[in-house]
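Hello,

Here is the structure you asked about. Please open it first, then read my notes below.

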Amino acid sequence: MPTENDSFLFPPQASTYAADVDALYYFIHYVGVFFWVLIVAAIVYFLWRYRRGHKEGVGPSHSLPLELTWSIIPLILVIAMFLWGFKGFMTLSRAPGNAETINVTARKWSWNFEYGNGQRLTNELHVEVNKPYKLVMTSEDVIHSFYVPSFRNKMDVIPGRYTTFWFEATQTGEHQVFCTEYCGDGHSDMLAKIHVHTPEDFAKWQKESQVEDTTTPLPELGAKLYNSRACFTCHSTDGSAKVGPSFKGLFGKQEQLADGTTVTVDEEYLRESMLQPNAKVVQGFQPVMPTYQGQLTDREISGLIEYIKTLQ
Amino acid sequence: MSTTTATPVPAADMDAWPKTHYWNATRGLKSWLFTVDHKRIGMMYLISILTAFLLGGVFAILVRLELLTPGATIVGAKTYNQLFTLHGAVMVFLFLVPSIPAAIGNFVLPIQLGAKDVAFPKLNLLSLWVYWLGALFSIYSLFAGAIDTGWTFYTPYSLQTDTAVTSMVLAAFILGFSSILTGLNFIVSIHKLRAPGMTWFRMPLLLWALYATSVIQLLATPVLAITLLLIAAERLLGVGIFDPALGGDPVLYQHFFWFYSHPAVYIMVVPAFGVISEIVATFTRRPIFGYRFVAFSSLAIAFVGFFVWGHHMFVAGQSEFAGMVFSFLSFFIAIPTAVKIFNWTATLYKGSTRLDSPMLYAIVFLIQFTIGGLTGLFLGALATDVHFHDTYFVVAHFHYVMMGGTVFAFLGGLHYWWPKMTGRMYNEKLAKIAVAILFVGFNVTFFTQFILGTRGMPRRYYNYLPEYQGLHGMSSVGSWILAVGFIIVACYLVASLRSGKIAGANPWGASTLEWKTASPPPTENFAETPHIHTGPYVYADEGIEGSRRAA
């Protein structure tokens, strides 16, 4: 996220509304700093000036005009903050009519995007610069939250409901997406990237991404999928147990299942585990893996199996 | 008040150690466990909440240690999630909510009223027992799989996790009753037990603050109880209130939860305002500037605090209209809070100020709590809250209010009333050093988190991007400085019990009633009922003018 154009306090302003949010921030910031310095300076000065033993008499015990003054001035300031905040919020919440819709499904622990043309992506989203998009979001399990710091926008993603998040990116490049509603062990790894392209680059990307990959050797294809489909969130390649069993040394292993039976990890078992993940759950793990039925081609499944075989 | 002769100690013996007092009036463990003396109950609460604070503090240190580096540092993701949940749950339910009211309030409130005890002494003891029962449930949950939901127990995650959510929400449910009983007792005591001549406007400001707090405890806590019971029912019986899989609504839970938990923030912080008023008055030897504004601002905060819960849910899918209303109302909390800060500052004007350790805590409170309050403005404003919600900015804001505010006020109160509670003085030099260390430690730990937040670092993250490591590292170092400060405080306070100088009845030259009886006070507080003729803050050396101003 840190790029040449970010400030000390904020990531870059990469959306149409980011500058307004930051301007409101700095307004409140300087009002706050002013009052804080005023109060602290007064405290320090009074403590020093009126230390015990001074001979300067006694101050007033109250003063209605003074107390009204320091009630009314802050009142005016906070009403200004409220109005500006509300105006900015309406901009953040209301997508322009011409925004292109992308559907988003959140689940433990990945972001799944589906374009109007049926193209699907996991944990990465490719869009055009200076074009409005509207994400229509829902969750398959618990509440998640879609947050893009460099856009200054955020919206919860709730099971059984749809919420929306719109943006128009003003800077090409990669923008970080975080999940900001606590959702369990993989919460802090539930990340995605928004790739903002120029219209030409976007068209190029679209063309390339829609051609099924038939040339990459299977193990290499599997390695790519391991990253792009975020298998790493739950399955390590170094032998450490995360949410699911590690892929290292997995192939050919005898696994004890939750129901007490054992199974040998072969091609058939791995395929079943991707398509019906809760059919045979290894002992000590929760049945939380979502199905990849219809989301992986046969060649991609073979690729993942061949990739797992290489991790001995 | 200056005319009272309300002490069993003759005036000449004001600096002496009383022969019988509430510690030695009766002996044996049973005499403590079954006592109805508000002072003993207060002391047992004090020991209990300090134990909880130690436990919550250990969890906090472990959380910060884990965050020293991205990825695994000392524990796995699941353990980390349990640690931050337990830190929050223990600190909120076992420490912050009962801290000032149940420990300091129980001890001080009846004496400040000029009463022998609270209105319902047996109910008071019951409240302590209920607290202990809730604490036992919490400890049981710790060993029965802990809990990994965050202290907010958000659904549907809390309905699905396999950790000990049911027993932990039952613990919070039980603790709520302890809180309700204390609140009820205080309200009735303040209405019925004020000494003859003590009108409402002659009450010390701590009592106004405790009154406002008690009203919130009484009205808001039952809603939390119902909500937590629904979670338990949903987990045990599968009724579909909150789980969308059963036709429930997970956001409804957030409404219920924050309907209690936002006012609960004021349960935690309004008593701190009361403590600060007492300390500032005593160490400047001046009545609090604008007594009535300060008294009514506590009530105003308590009242408005009930109508702002939706500001926790600006990005939770509630309507823009609801967001607008809650944002607007939230800003109204800023006004009575600002009034208090300005009035305390104005009290220092032409005061006669001494910087003993309780006063140092009060000053640090003013500096830090003002930051906590002002950073709340970013979170009340809709557009900026969208960026900051659920980032470290909120964590920092919350800790500036709860720790920089309430905990420092609690420590100030503890140092202020310590000589009254124990009859002995602590090592003042060490106390001053400890304030400085805690001040530095606190700000190193939490100021960095504001910047983490503006830069977009989400909260409750076990793992984080490498660019955040510098600030996370600094924050962790700050937590070690804080730990050193707390260890020093614990050492000299414990040492004072054995070797501290005899405090005498009124070591600070304070004017409220608790300083007109012996230290430690006798079981019945006063030999004869005090009669009140003036306001609470009248100091001898001000002569006639002082009493006229304060009356």
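**Domains of chain A**

The C-alpha centres of domain 2 and domain 3 of chain A lie 25 Å apart. Keep in mind that this is a predicted model.

Chain A is divided into three pieces: domain 1 (18-50 + 60-93), domain 2 (100-210) and domain 3 (218-310). Domains 2 and 3 of chain A do touch. Here 12 residues of domain 2 of chain A are in contact with 9 residues of domain 3 of chain A. On the domain 2 side, the residues that touch domain 3 of chain A are 7 charged, 4 polar and 1 nonpolar.

**Where the two chains meet**

Now look between the chains. Chain A puts 69 residues in contact with 73 residues of chain B. Which helix gives the most to the chain B side? That is helix α10 (residues 320-348) of chain B, with 14 residues. By class, the side of chain B that touches chain A has 42 nonpolar, 19 polar and 12 charged residues.

Find strand β7 (residues 153-157) of chain A; A:Asp156 is in it. Is A:Asp156 buried or exposed? It has 28 other C-beta atoms within 10 Å. The cut-off for buried is 20 or more, so A:Asp156 counts as buried.

Beyond its neighbours within four places in sequence, A:Asp156 has contacts in both chains. In chain A they are A:Ile143, A:Ser145, A:Thr163 and A:Glu181. In chain B they are B:Val315, B:Ala316 and B:Gly317. For a sense of distance, take A:Phe27. A:Asp156 and A:Phe27 are 129 residues apart in sequence, and their C-alpha atoms are 27 Å apart in space.

**Backbone details**

Two peptide bonds deserve a look.

- The bond from A:Lys108 to A:Trp109 is cis, with omega near -5°. A:Trp109 sits in the loop between β1 (100-107) and β2 (110-114) of chain A.
- The bond from B:Thr155 to B:Pro156 is cis, with omega near -5°. B:Pro156 sits in the loop between α4 (121-143) and α5 (157-160) of chain B.

Then check two phi angles.

- A:Asn123 is not a glycine, yet its phi is positive, about 60°. Its place is the loop between β3 (120-122) and β4 (124-128) of chain A. A:Asn123 counts as buried because it has 20 C-beta neighbours inside 10 Å.
- B:Arg460 is also a residue other than glycine with a positive phi, near 60°. Look for B:Arg460 in the loop between α14 (428-454) and α15 (469-499) of chain B. B:Arg460 has 21 C-beta neighbours inside 10 Å, so it counts as buried.

Best wishes

Conventions. Residues are numbered from 1 along each chain as its sequence is written. Chains are lettered from A and ligands numbered from 1 in the order in which they are written. This is a predicted model: local features need pLDDT of at least 70, side-chain atom pairs count only at pLDDT 80 or more; totals for chains, interfaces and linings use all residues. Helices (H or I, at least four residues) and strands (E, at least two) are DSSP runs, numbered from the N terminus. A residue is buried if 20 or more other C-beta atoms lie within 10 Å of its own, exposed if 12 or fewer, and partly exposed in between; C-beta atoms are placed from the backbone. Two residues are in contact if their C-beta atoms, placed from the backbone, lie within 7 Å. Ala, Val, Leu, Ile, Met, Phe, Trp, Tyr, Cys and Pro count as nonpolar, Asp, Glu, Lys and Arg as charged, and the others, Gly among them, as polar. Domain bounds come from an automatic or database domain assignment.
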